[in-house]
Amino acid sequence: MRVFVTGATGWVGAAVVKELIDAGHQVLGLARSEDSARMLVEAGARVYEGALDDLHSLRAGASECDGVIHTAFKSDFSQFQENADLDRRVIEAIGDVLAGSNRPFVTTSGTLMIAMATPGRLGTEQDTPDASIPRVPSELATLSLASRGVRASVMRLPPSVHGDGDRGFVPRLIDIARQTGVSGFVGDGSNRWPAVHRADAARAFRLALENGQAGARYHAVDDDGIPVRELAEIIARRLGVPAASIDPDKIQAHFGFLAMFIGLDAPVSSVQTREQLGWTPVERGLGADLAQGRYFDGTKSKFTSG
């Protein structure tokens with residue numbers, strides 16, 4: 001299958017490209033820079049020059065292929081709503097090209113929005129949070145394509161997608177602990193974060209492309225929910241700093257942009273995804289990875305608290 005992949009050199013997208021090529025698919029990867037193009041060529045993919053906000057280029061790339069996986073999302077949290085709006089427009093534009101073809105179209109969303117709507121309850125693939133929550137309109141736009149002859153499905157990712165080279169949420173917690181001398185958590189730290197290894201997530205995307213059902217939501221989740229205090233204590237032991245609950249009035253100052261997420265109790269199930277796609281995570285879980293000393297090499301997170 002010829003597959004058009006957006007975000008093809010991103011953290012998740014690059015793993016998806018590798019997974020697809022290893023499985024015998026051909027990949028056309030969206031690239032907006034020479035560096036990105038070089039990475040795609042080295043990975044064995046074809047390069048399609050374009051940009052996420054160039055809807056014409058996205059339509060043209062999708063028209064050349066047998067299926068699409070959309071992993072790109074601008075991660076500037078200071079403009080999160082604007083970026084979510086762009087994501088919806090991208091999905092609508094690609095969907096227009098695929099309409100009536102029964103070609104697969106897998107888009108990307110997140111599990112945290114379930115916790116934003118109903119914190120503490122085990123989220124499932126059937127949950128549909130209120131459309132006022134960013135990225136929910138993107139999900140709805142994807143699912144609506146099923147009635148237009150597109151085999152469209154949504155892949156929800158947990159807040160932590162870990163693996164070698166990770167520079168996301170957990171490395172940011174490590175950065176914060178180094179900078180402040182405290183490995184922090186909110187309240188008693190019993191709130192839970194789900195997680196998945198990057199390679200397992202990539203496999204879930206491939207299976208959804210190959211076998212996913214139109215109008216389905218899937219959860220690429222291995223660890224249903226790790227208590228944040230457990231993560232904080234592992235980080236504390238590795239860095240030789242105390243693990244402690246952060247005073248409520250200091251949470252924003254301590255965690256920066258992570259303050260909006262770190263206190264959420266966000267357990268989520270992937271039972272239906274495993275059953276429907278035949279997906280079984282095989283990589284090491286986040287807690288075990290941390291306990292082995294991964295992500296402590298001093299590499300800074302790409303996220304900032306500003």
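Analyst: Happy to! Let's begin with Ile246, which counts as buried because its relative accessibility is 11%; buried means under 20% relative accessible area, exposed over 50% and partly exposed in between, with a 1.4 Å probe and protein chains only. Before going on, please keep in mind that this is a predicted model, in which local features need pLDDT of at least 70 and side-chain atom pairs count only at pLDDT 80 or more, while totals for chains, interfaces and linings use all residues. Residues are numbered from 1 along each chain as its sequence is written, and side-chain values use heavy atoms, with hydrogens and water left out.

Ile246 sits in the loop between strand E12 (243-245) and H10. Helices (H or I, at least four residues) and strands (E, at least two) are DSSP runs, numbered from the N terminus. Setting aside residues up to four places away in sequence, Ile246 touches Val182, Gly184, Phe185, Ile251, His254 and Phe255, where contact means heavy atoms within 4.5 Å. Glu275 is another matter: 29 residues along the chain from Ile246, its C-alpha atom is 40 Å away.

Several of those neighbours lead us to a cavity. Val182, Gly184, His254 and Phe255, which Ile246 touches, are among the residues that line the largest cavity. A cavity here is a set of points on a 1 Å grid over the protein atoms alone where a 1.4 Å probe fits but cannot get out, and lining residues have an atom within 4 Å of a point. Grid points are joined across faces, edges and corners, and the volume is the space filled by probe spheres set on the points. The count comes to one cavity of 30 Å³ or more, and the largest cavity has a volume of about 50 Å³. Its lining also includes Leu173, Ile176, Ala177, Ser183, Ala232 and Ile235. Two or more lining residues come from each of helix H7 (169-180), strand E8 (183-185), helix H9 (228-239) and helix H10 (251-255). H7 gives the most, with three residues. By type, the lining has seven nonpolar residues, three polar and no charged; Ala, Val, Leu, Ile, Met, Phe, Trp, Tyr, Cys and Pro count as nonpolar, Asp, Glu, Lys and Arg as charged, and the others, Gly among them, as polar.

Now to Ala31, in strand E2 (residues 26-31). With 3% relative accessibility, Ala31 is buried. Beyond its neighbours within four places in sequence, Ala31 is in contact with Ser36, Ala37, Leu40, Val47, Tyr48, Glu49 and Gly50. Ser36, in helix H2 (residues 34-43), is buried as well, at 13% relative accessibility. Besides Ala31, Ser36 is in contact with Thr9, again leaving aside neighbours within four places. The side chains of Ser36 and Thr9 are joined by a polar contact of 3.5 Å, meaning a pair of N or O atoms within 3.5 Å; within protein, one must be able to donate a hydrogen and the other to accept it, and residues adjacent in sequence count only if both atoms are side-chain atoms.

Arg156 in strand E6 (residues 151-157) deserves a look too. At 0% relative accessibility, Arg156 is buried. A polar atom of its side chain lies 2.6 Å from the backbone oxygen of Asp127, and the backbone oxygen of Thr124 lies 3.5 Å from a polar atom of the Arg156 side chain. E6 also features around helix H6 (residues 136-144): the buried residues Val136, Ser138, Glu139, Ala141, Thr142 and Leu143 have a cover that includes H4, E5, helix H5 (112-117), E6 and strand E10 (216-219).

Gly24, which follows H1, has a positive phi near 100 degrees.

Finally, two residues other than glycine have positive phi. Asn102 has a phi near 60 degrees, lies in the loop between helix H4 (80-98) and strand E5 (104-110), and is exposed at 54% relative accessibility. Tyr295 has a phi of about 75 degrees and lies in the segment after helix H13 (286-291), but Tyr295 is buried, at 10%.

Definitions and conventions: On a 1 Å grid over the protein atoms alone, a cavity is a set of points where a 1.4 Å probe fits but cannot get out, and a pocket is an open set with protein on both sides within 12 Å along at least five of seven lines; lining residues have an atom within 4 Å of a point.
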